[in-house]
Amino acid sequence: MNDITNQHIKNLEEKFTQMGQNPNVHLEGLLYGKPLTYWDYIQTDALLGLQIQRTLYPDEMVFIMYHQVNELLFKMILWEMEQLAVPAPIAVDVFTDKLMRISRYFDMLTNSFSIMGDGMDVEQYNKFRNTLAPASGFQSAQYRLIEFASTDWINLIDKRFIRDLPENISEEEALEYLYWQAAGKNYKTGEKSYLLGAFEKKYSQTFVKAMKDYEKTNLWQKFVELPKEAQACPELIQAMKHYDYTVNVTWVIGHYKTALKYLESTGVTKEATGGSDWKKYMLPEYQKRIFFPGLWSEEELANWGKGLI
C-alpha cells in the first residue's frame, strides 16, 4: 500500500474510534457494499413512480409533474433558509450567498409558468380539473413555511384587519387573520370552506411552530442583524428587493395569468379547484404582500403590483 492509502486507513480508524465504533467492523463492511449508481443515489425509479393520474387525459400528467417540481424547489429554498435561521449572527458573505441561491430558485419558478400557461390543452384541463376538486395549490404547506421564513408574520396579515388586531395577539390567533384566509373564509359568518378547513386541520400546528421558530431568525431579522455598512450596501438591498418582488409580485402575477387563461377560457368565470376566491387571494394589488416593507419607498409601496394585469 502506498502512503496515501495508509493515511486514508489511519484517518478512518481515527474517525470510527472517536465515534466509539470498532474500525475493523466498518472497514470489513466496505467489502460487501455494492458500487453506487446514479439511479440508486437519485432514487430515480421511486421518483418517477410518484406521478399517478386521476383521469385519462394526457395533460394531467404535465399538471402533476409541474407541481411536484415546484414542491422540490420549495424544499430547496427552505433548505437554504434553514441554514440562515440560526440564533448566532450570520456573516455577510454567507447571508448574501444564501439569499442569491433562494432568489435563483424563485426566478426559476417564475420563469417556468410558460410550462403551465402554454403546456396544457385548455379543453383537457377544463375536464380533468373537476376530478381534482377540492385539492388546490393553495394547500402547499411548504410555500407558507417559505413566507414565515422570509418575514415577520405581521407582514402576512390581511391588510383589512391590520389596524384592528388585538394587542398581544398570539400566533394561534394570528393565523385567523393571515392573508390566505381570504381564499376560503367568510369573514361575516366565520365559516370556512372545506379547502381551508382541511388545510388548517393538517398544518395549523406546523404553522404556529414556524411562526415562533422564525420570529427572530427569518430573512428580514437576519438582514437587520448584519453590520450597518452591509445593510446599506446597494447591491444587497437590490438583492433583497428582487427576492421580495419576485415572490410577491412576479410569481403571483404569473400564477394569476395562468389561472385566468384556463378558468376563463370558455367566457365564464370559474372557481379554482378548491372553490377559493382566487382573484382576491392572489392579486398583489389587493393583498399587498411585502416581505421587506422597510426597503421600499412610499411610492413603491402605494403602487405595489399595480398595472400588471
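Reply: Lys 192 forms a salt bridge with Glu 200, and the closest N and O atoms of this pair are 2.5 Å apart. A salt bridge here is a side-chain nitrogen of Lys or Arg within 4 Å of a carboxyl oxygen of Asp or Glu. The model is a predicted one, in which local features need pLDDT of at least 70 and side-chain atom pairs count only at pLDDT 80 or more, while totals for chains, interfaces and linings use all residues. Residues are numbered from 1 along each chain as its sequence is written, and side-chain values use heavy atoms, with hydrogens and water left out.

The two partners have separate accessibility classes. Glu 200 is buried because its relative accessible area is 12%, and Lys 192 counts as partly exposed because its value is 26%. The cut-offs are these: buried is under 20% relative accessible area, exposed is over 50%, and partly exposed is in between, with a 1.4 Å probe and protein chains only.

The structure holds 15 salt bridges, and another of them joins Arg 101 to Asp 97, with 3.2 Å between the closest N and O atoms. Arg 101 and Asp 97 lie 4 residues apart in helix α6, so about one helical turn separates them. Helices are DSSP runs of H or I with at least four residues, strands are runs of E with at least two, and both are numbered from the N terminus. Arg 101 is partly exposed at 28%, and Asp 97 is partly exposed at 33%.

Lys 127 is partly exposed, with a relative accessible area of 40%, whereas Glu 123 counts as exposed at 52%.

In soluble globular proteins, nonpolar side chains tend to be buried together.

Leaving aside its neighbours within four places in sequence, Met 81 is in contact with Ile 102, Ile 146, Ala 149, Ser 150, Leu 219 and Tyr 243. Contact means heavy atoms within 4.5 Å. Across the chain, residues 24 or more positions apart account for 70% of the contacts with a separation of 6 or more.

Some nonpolar side chains are on the surface instead. Leu 36, Tyr 38, Trp 39, Tyr 41, Ile 42, Leu 47, Leu 48, Leu 50 and Leu 72 form a nonpolar patch there, with about 1000 Å² of accessible area together. Patch residues have over 30% relative accessible area and no salt bridge; like charges are joined within 9 Å, and nonpolar side chains (Val, Leu, Ile, Met, Phe, Trp, Tyr) within 5 Å. The areas come from the Shrake-Rupley method with a 1.4 Å probe, and for residues only the protein chains shown count as cover.

α3 (38-42) and α4 (44-48) each supply at least two residues of the nonpolar patch, and α3 gives the most, with 4 residues. Leu 36 lies in the loop between α2 (23-32) and α3. Leu 36 is exposed, with a relative accessible area of 66%.

Last, the whole chain. The chain has 17 helices and 0 strands, and buried residues make up 42% of its 309 residues. The domain assignment, which is automatic or from a database, gives domain 1 (3-33) and domain 2 (58-303). The C-alpha centres of domain 1 and domain 2 lie 47 Å apart. Taken along the principal axes, the C-alpha atoms of the chain fill a box of roughly 75 × 55 × 35 Å.
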